[in-house]
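Here is a structure to walk through together, one region at a time. Have the sequence and the 3D view open as you read.

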Amino acid sequence: MQNKFLDKFDITIVIATILMVMMGVVSIFSATYANTSGTDFYLKQMIFGIVGFVIMIIISFLPPKYFSKFAYSLYILSILLLILVLVFGKTINGNKSWFYVGGFGIQPSEFAKIATILALANFISPGEESRDPNKLFTFVKACIFIVIPAALIKLEHDTGTTLVMLCFIVPMFFWAGISPFWLFAIISPLVLAVLSFLNPTAFYIGIFVVGISLFFFKKKILISVLILVINLSAGFSVHYFYSKLATYQQNRITAVFDPASDPLGSGYNVIQSKVAIGSGGITGKGYLQGSQTQLKFIPEQWTDFIFCMIGEEFGLMGAGFIVIVFFIIIYRLISIAYSSKNKFLALCCIGFASLFLFHLFINVGMTIGMMPVIGIPLPLVSYGVSSLLTFMAMIGIALNAYRHKNLYIT
Amino acid sequence: MNLKARKYFFISFAIILSIILIARLAQLQIVEQKEYGKESQKNSIKKIVETPARGLIIDRTGKVLVDNKPSYTLTITPYNFDKSLLEEVANLADEDPDYIKELLSRMKGTNRFNPVKIKHDIDFKTIAYIEENRDRLKGVSYQVESLRYYPIKFKGSHMFGYIAEITEKQLDDQEGTYYKQGDLVGSTGLERYYENNLKGEKGSKLILVDVNGREVGPYNDGLNDIKAQNGSDLHLSIDADLQEYAEKCLGKRRGAIIAVDTRTGEVLCFVSKPDFDLSIFSGIPDSKEISKLLNDESKPLFNRVIQTKYPPGSTWKMMMSMAGLASGKITTTSTIACGGSFQFGNRTFEDHGAYGNINVSRAIEVSANVFFYKLSLMIGIDNYHDYAKMFGFGSRTGIDLPSETNGLLPSQQYFDKVYGANKWSQGTLVSLGIGQGELGVSPVQMVAYVSAMSMSGLYNTPHFVRKIVNPITKEEQVLQFAQRKIDFPQKYYDAIRKGMYLVVNGTGTAKNIKSSEYTLAGKTGTAQNPNGNNHSWFVGFAPYEDPRIAVCVLGENAGWGNQFAAPIAAAIMIRYLSGNTIDAYNENSTIKVHD
């Protein structure tokens, strides 16, 4: 009985999820403790954590075929919502990405994440036979799926979520069986663009490595040259695109490398959050005792910068714990994908895993000065109803995949 | 790549990213923890400097002469000040925006959390405005400070002196780092001389602030706070009533009055006219009023009691007498023939009368010039210089005020230097004998000298402060000022004192001030002034039998008329001796005093 239950129910990922939601509520309480407004945020987060848990469980029991069946409809619905929010939405912190319904802000872009992953998974693996991921056309078409919501979200000035939309396509193709060569062809221009931005020498070394690799892949000369050209142009054009960015975005990128360049401007959050986390030490300053958190040195620290509060008040123990629990969630998502015989659901889980990993690395990375300040939440922990429900729904789908892992297609 | 390989590849990727995050966290939270911990303290803890109240200045009867009143100072904290508010704040402070910008730029490189003082003594309307717009006016605030307040009916300008915002030069020159820009510091007078006693010790309060610099509570329950220590109080020997009276006596004339207790050197009143209102300098320094003071040709900021260098005229004759007696050139009974004028080389030196053969007391009584012309030549420049030096001429008396002059006491070297060795005539000595020529004395030197003469050689350093009292511990510090005995035979002093007695009570030059109640003694003098009317001097002491007060009055350009200085001196002595009740001075008195 016990075994049968565990066979149908991934207790590890559920416990990890609950832990993170609880951690979120506790952290939001502290982060808003010294505030005059927003003191009920932790309560809202708690209530929606429970709502999310119920939704998660319900989703886990749904017939798996529903997800592929409604994938495109959900996707089109989310696109429509993204267009609607552009027209009727409310602007908060410069992002026009909110609907207000009965006092609650709803961000369609959060739901677009899950809808796009479902649609993309459905595109790659529509029925019994998957598409060939190694066909150039398949990849190009798949890109359209993510470019549409990404563009709409970009129009809302929500750069963070736009980047999120771009993070899962490669892992999902990777899982679908794209050949190492194509993976290389897709990833190498991105890597070279970053290298070129950082350091010209690094870029030239990178080009050299790409050239050598192309030689060893032994593909047609035309394709090899084409890929090399793409790599070169990625490296050279990055500076052009950088110059096209808004000044505040440029500043955010420079602030990663030199926060002291503008301590009260773009580098402010980075410096303050590093100070908060760094001063926390191994064991932290104690709950509600973080001076940086309680004195509100970091703006809106209950959303994107919630990790500062954890680092300051719970120290390395707390911060490390968060990273490890997230790793466990990601590990379980990959394991479920691996064990699932339903390829569509497996791809969904891989999409979710990428999303969690991307969010974790960018969000935590920015608070410790490794990543630019990109406004994306820490999944399950940051305050935000839309985000919380979306991530819990993802876990619900993963639970569903686990429950039905032995079913092929139904 | 099979599915298993993909799984492990993906998991490895996740592991690597997680390890990177944890490694970076460990770097921040273990390796760099100390540094960030310090940073975090600096960040959230704001140090607020508490300025102590300055010590009070109290007169000999316990009356407060210089007090404090609370006032509000507009400040800007550069850390969170929004430059677009500059215009508005400038308006609020009624100052030029460029001036404020300059003040702020001067603070560059220092702690941006420290508020910069923009304007002293802002009114309640401004404070109310700041309070109402607190959220918008980020970085704009105010501090409570105490300003000087003078609950007195006289001015005391030169004695008390004023406090002013510290200058950049003073900031650079200070030892240590106590003073900060915007601090008020004693600039002149007692405020400056006793700055270290009066200023107290600044305190500091550590408070926790939020990102807007708003106070959210004390740090560590205030355990690290240092309470400001109020400055110590100065207890002066000044008699407020006598001071008020003396200022009234001098009226609108230019001049100086100083009276001391002959037994101690304690200053009883101290007047320099024209004077000014000290309250101009407290609060908003009114630049118009100040420039008016600076440009006034009558130099109201000049302290005539300790900074003038006028020839003493006939008031010098006691000094000459002592030099003659002490050097053995004359005795108390020897006489010199006074024929009405004196021929030296081809010059004739005049006198106002012929007195025949007279002794030293008589010479003082009638102010016989010829007696002292001759005496001066007899004693020579070296004796002249050396004995005068003993009575404090040519050097500072050491009164507890800044910027005292040395005066000018000529010597052989002095003349050699100015005119060249042997190129100056002994005739110079002749004028010097009657206190004219290249001789410069200040009223404070004169009062100390007369006091010493009256006390048979007891030379006291004139001084204001009797004791300095810590207002909290009540600990008293009684100051000791130099006192010395100028040791000459008593009969010398007696002869000189007798001369001074006769000036008032005999047939002398100040017989008009003879008093029936107190035996006054003194000497009139007129300092020749090549630039205008002569300066009128009077030095005196009373009672003759047992001196308690010595006084010096200088009337600038008051002319021949010793009707000016002598009656004022007499009035002050009488008023003091009678316990501040008798109003002996009549401003419209027409009594002529013969010099």
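Just after helix α13 of chain B, B:G328 adopts a positive phi of about 80 degrees; keep in mind, as you look, that this is a predicted model. Step back into the helix itself, residues 317-326: nine of its 10 residues are buried, so the rest of the structure largely encloses it. The buried ones are B:K317, B:M318, B:M319, B:M320, B:S321, B:M322, B:A323, B:G324 and B:L325. What lies over them? The cover for the buried residues of α13(B) includes the chain B helices α14 (360-366), α15 (369-390), α17 (427-433), α18 (443-454) and α19 (490-505), along with strand β21 (521-527).

Now turn to chain A for a pair of helices. Two packed helices are described by the angle between their axes and the distance between the axes. Helix α5 (residues 108-124) and helix α8 (residues 169-176) of chain A pack at about 30 degrees, their axes 11 Å apart. Because angles under 35 degrees count as roughly parallel, α5(A) is roughly parallel to α8(A). Their crossing is right-handed. On the α5(A) side, A:L120, A:A121 and A:I124 make the contact, and α8(A) brings A:I169, A:M172 and A:A176. These contact residues divide into six nonpolar, no polar and no charged.

Finally, see where the chains meet: 30 residues of chain B are in contact with 35 residues of chain A. On the chain B side, α1 (3-31), α2 (33-44) and β8 (203-209) each give two or more residues, and α1(B) gives the most, with 16 residues. That side of chain B comprises 17 nonpolar, seven polar and six charged residues.

Notes: Residues numbered from 1 in each chain as written. Chains lettered and ligands numbered in written order. Predicted model: local features only at pLDDT ≥ 70, side-chain atom pairs only at ≥ 80, totals over all residues. Contact = placed C-beta atoms within 7 Å. Helix = DSSP H or I, 4+ residues; strand = E, 2+ residues; numbered from the N terminus. Nonpolar A, V, L, I, M, F, W, Y, C, P; charged D, E, K, R; others polar. Axes fitted to C-alpha atoms, helices over the stretch in contact; angles between N-to-C directions. Parallel < 35°, antiparallel > 145°, perpendicular 65-115°, else oblique. Left-handed = near helix turned anticlockwise from the far one by under 90°. Buried ≥ 20, exposed ≤ 12 C-beta atoms within 10 Å, placed from the backbone.
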